[in-house]
Amino acid sequence: SIENFSAKIAAGKKAQLTDDFMIIARIESLILERGMEDALNRARAFVAAGADGIMIHSRKQDGLEILEFARQFRRQRPKVPLICVPTSYVHLKFEVLERAGFNAVIYANHMLRSAYLAMRDTAVGILANGRTLELEPRCLGIDEILDLVPGTR
């Protein structure tokens with residue numbers, strides 16, 4: 001409920017030790033098809049409870065819903081950080097989201113999803129060639145890997 005989540009936010013802010021830590025309230029109203037008004041009501045309540053920012057989600061692929069939320073939220077709260085995760089509305093460029101009022105865009109799982117494709121292609125290549133020679137140009141060098149892991153050199 002709005003009340004329970006607001007209480008959790010308030011408790012988190014009360015326990016906060018430094019301004020370097022932010023509490024961002026995640027709103028699922030649009031994904032759950034509870035509507036724009038529910039999302040905006042939650043955003044208002046969560047900011048009033050102390051949330052430093054709002055993260056809004058939408059499943060709609062056209063992106064219009066997320067842009068409308070940003071428009072309405074920005075009218076009420078022009079300075080509160082606003083975050084989105086464009087997993088569904090992949091055609092919207094960062095610049096469009098930024099102009100709409102988003103301060104941060106989280107490309108949540110794209111690196112992981114692309115890494116799995118690369119790993120699958122590497123496994124298929126090893127099976128097809130019986131070795132890794134043909135795949136080496138697509139692999140990070142051992143020295144570069146070791147540079148990424150502290151204490152390995």
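User: What makes up the accessible surface of the protein chain in this predicted model?

Analyst: The accessible surface comes to about 10200 Å². Carbon and sulfur atoms account for 58% of that area. The model is predicted, and these totals use all residues.

User: How many residues of the protein chain count as buried, as a percentage, and what makes a residue buried?

Analyst: A residue is called buried when its relative accessible area is under 20%. Of the 153 residues in the protein chain, 32% count as buried.

User: Why is the protein chain called more spread out than a compact globule?

Analyst: The elements of the chain come to 6 helices and 4 strands, and from the N terminus on they run α-β-α-β-α-β-α-β-α-α. For 153 residues the globule rule gives 15 Å, whereas the radius of gyration is 21 Å; this value is well over the rule, so the chain is more spread out than a compact globule. Along the principal axes, the C-alpha atoms fill a box of roughly 60 × 40 × 30 Å.

User: What span is expected of helix α5, and what span does α5 reach?

Analyst: Helix α5 covers residues 110-129, which is 20 residues. At 1.5 Å a residue the expected span is 28 Å, and α5 reaches 28 Å from its first C-alpha to its last, close to that expectation. Gly130, with a positive phi near 70°, follows α5.

User: Why does Asp121 count as partly exposed?

Analyst: Partly exposed lies between the buried cut-off, under 20%, and the exposed cut-off, over 50%. Asp121 has 36% relative accessibility, so Asp121 counts as partly exposed. Asp121 has its place in helix α5.

User: Which residues of α2 are buried, and what do they pack against?

Analyst: In α2, the buried residues are Met36, Asp38, Ala39, Leu40, Arg42, Ala43, Phe46 and Val47. The buried residues of α2 pack against the helices α1 (2-15) and α3 (64-76) and the strands β1 (24-27) and β2 (53-56). Helix α2 itself runs over residues 36-48 and reaches 18 Å, close to the 18 Å expected for its 13 residues. Gly50, whose phi is positive and near 120°, follows α2.

Definitions and conventions:
Residues numbered from 1 in each chain as written. Predicted model: local features only at pLDDT ≥ 70, side-chain atom pairs only at ≥ 80, totals over all residues. Heavy atoms only, no water. Helix = DSSP H or I, 4+ residues; strand = E, 2+ residues; numbered from the N terminus. Expected span 1.5 Å × (residues − 1). Rg over C-alpha atoms; globule rule 2.2 N^0.38 Å. Buried < 20%, exposed > 50% of the residue type's maximum accessible area, 1.4 Å probe, protein only. Areas by Shrake-Rupley, 256 points an atom, 1.4 Å probe, with all protein chains shown as cover. Contact = heavy atoms within 4.5 Å.
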